[in-house]
Amino acid sequence: MRISYTWFGTRKSLSREQKAQAADTFHAEGKYLSAGKKLIDTGDPSFRAVTAVRTQVNSFFKGTSLPYPESGIRLVPQGTLDEINVRMLQFQSQLDEAVEALDARFDELKYEARSRLGDLFNESDYPTTLRGLFEIGWDFPSVEPPEYLRRLNPQLYQEECDRVKSRFDEAVQLAEIAFTEELSRMVEHLAERLTGAADGTPKVFRDSAIDNLTEFFERFKRLNIGSNEELEQVVERARQVIDGVAPQTLRDNDTLRQRISGQLAAVQSSLDGMMVDRPRRNILRRPR
């Protein structure tokens with residue numbers, strides 16, 4: 001899957017004359033000066049509402065896919081395509097509503113920019129409307145060799161098949177690395193929070209330290225491609241450690257804190273060993 005954006009640019013380079021004028025202020029040569037201006041206040045709530053949709057899309061995309069060794073492309077389970085498409089349409093609808101609200105404020109934002117930019121303000125920098133200037137695009141590009149190549153040049157077709165297979169093998173490794181490193185960070189963080197401070201008092205930790213792990217286990221179950229039995233076992237051990245444990249109970253029960261901390265330390269040790277041994281491991285390949 002691939003996601004693309006059409007996004008109104010909120011910054012613009014100064015014209016040659018404006019850069020020359022700015023350079024004179026510092027007694028510099030214009031060609032050695034790089035300068036730009038912000039067209040509107042991107043901190044305005046109406047603009048932030050638009051960018052918030054993009055943040056949600058990126059988070060959703062990452063959370064429902066696995067890395068692929070080609071820029072801009074990630075792998076999604078085939079069985080989730082309909083669900084993903086529906087969710088992306090919802091995001092586009094959210095974006096359209098946010099852009100409508102921003103467009104209603106656009107004249108005010110331009111008026112404020114005129115005051116802030118002074119002589120640098122140029123009406124021609126601004127479109128008459130922002131509608132259509134913010135869009136989300138998504139597609140599901142084929143990464144397999146075209147079938148016609150088999151007929152035209154069988155040898156080249158086989159080379160392309162080998163290249164694609166190599167890409168998917170690399171994708172498997174990238175997925176394992178991502179899962180291992182993410183779990184390691186969260187386990188290490190929670191274990192550190194569960195240990196006593198220098199004065200013996202418990203450290204403070206947020207509910208998210210548990211919630212993030214629970215979300216990770218659900219995502220791993222959904223996206224795991226079954227390529228690494230060792231990783232699956234370590235993830236399951238980590239899941240069992242915190243299964244049914246409430247954050248407040250951990251805060252109130254010192255004995256439980258110590259027990260969970262010790263179990264997490266053992267899980268962390270296994271994860272550390274996997275990351276050290278990772279370059280020497282053979283990936284278990286299964287039919288895709």
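Here is a short chat about a helix pair and a pocket in this predicted model.

Modeller: Ground rules: residues count from 1 along each chain as its sequence is written, and side-chain values use heavy atoms, with hydrogens and water left out. As the model is predicted, local features need pLDDT of at least 70 and side-chain atom pairs pLDDT 80 or more, while totals for chains, interfaces and linings use all residues.

Biologist: Are α6 and α7 parallel, antiparallel, perpendicular or oblique?

Modeller: Helices here are DSSP runs (H or I, at least four residues; strands are E, at least two), numbered from the N terminus. The axes of α6 (208–223) and α7 (229–242) come within 11 Å and cross at roughly 140°; axes are lines fitted to C-alpha atoms over the stretch in contact, with angles from 0 to 180 degrees between N-to-C directions. Under 35 degrees is roughly parallel, over 145 roughly antiparallel, 65 to 115 roughly perpendicular and the rest oblique. So α6 to α7 is oblique.

Biologist: Which element supplies the largest share of the lining of the second largest pocket?

Modeller: A pocket is an open set of points on a 1 Å grid over the protein atoms alone, where a 1.4 Å probe fits, with protein on both sides within 12 Å along at least five of seven lines; lining residues have an atom within 4 Å of a point. For the second largest pocket, β4 (66–67), α5 (154–194) and α6 each supply at least two lining residues. Lining residues include Lys62, Arg74, Glu181 and Arg219. The largest share, five residues, comes from α5.
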